[in-house]
Amino acid sequence: MLSKSLRFFRFTLPAFTALFLMVSAAVAGPPLICHAFDIGNAKSLPWISHDWNLSGGENYDTHHLAGDTLALLSSSDVALVHMETIRRATLYARRDPVAAKQLLLQILARAQSSEASAHPDAFALFDAGYVAEAYKQWLGEKGENPANGQDGLDWIKKALQLRGNDSQMEFAAALITLHGPAAEHQNYARLANEGAKADPLLALNLALHFMGAQSQTMAELILRSDETKVARQ
């Protein structure tokens, strides 16, 4: 009887462990929202909370959200700064639907104007794509989300074409494509990981844990997702 019990645990424990890890990853939260990016001393929107959840202690006036966010985005050419600024803006936007729509429309208008110009700004296009995908992850796919119908990844692909080589933007694309398309995700994850060798800020962010010290690092998040997709194919 004892032998049968040991065999049962021997063969089922790994399965339960794998299931637990899969469930943990599934409920950890949207990666564009629930994980704060390290931007060093760079300026971004004011923040008090140490996690993704607005605690109510913030007294930021969301009437200034669009103007403040665009000013910050326009002053930086570091993709991770854009990613963290848009993350914070999206968190604020959820509690103010008017500010959420205003911010999205202004960022989209900026991208469309830039794309039609003689010298398009890659970051204007990147911001349009990233905010659209951040809104989808935080505001959902319901009617109150002003980003519904926007293809954020398409904007980011255009930004990457203009930049030629930006490992931080590729990291953003890897996060956006965690659930597919698989081939594109594999490519973005590989390029971000390789690019981090020459980008200390990106390397620092890839080494950060997604949700606490016991969770996987950001590098593991994108690369393990890559391995899972390969195994399923």
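Q: Which rings pair, and by what cut-offs are they sorted?
A: Rings of Phe, Tyr and Trp (its six-membered ring) pair if their centres lie within 6.5 Å. Planes under 30 degrees apart count as stacked, over 60 as edge-to-face, and the rest as tilted.

Q: How many aromatic pairs does this rule give?
A: This is a predicted model, where local features need pLDDT of at least 70, side-chain atom pairs count only at pLDDT 80 or more, and totals for chains, interfaces and linings use all residues. Residues are numbered from 1 along each chain as its sequence is written, and side-chain values use heavy atoms, leaving out hydrogens and water. By the pairing rule, the count is four.

Q: What kind of pair do phenylalanine 37 and phenylalanine 171 form?
A: Their centres are 6.1 Å apart, with 90 degrees between the planes. An angle over 60 degrees has its own label, so this pair is edge-to-face.

Q: Are phenylalanine 37 and phenylalanine 171 buried or exposed?
A: The scale is relative accessible area (1.4 Å probe, protein chains only): under 20% is buried, over 50% exposed, and in between partly exposed. On that scale, phenylalanine 37 and phenylalanine 171 are both buried.

Q: How far is the charged end of arginine 94 from the ring centre of tryptophan 138?
A: A charge sits over a ring if NZ of Lys or CZ of Arg is within 6 Å of the ring centre and within 35 degrees of the ring normal. Arginine 94 sits over the tryptophan 138 ring in this way, and the distance is 4.3 Å.
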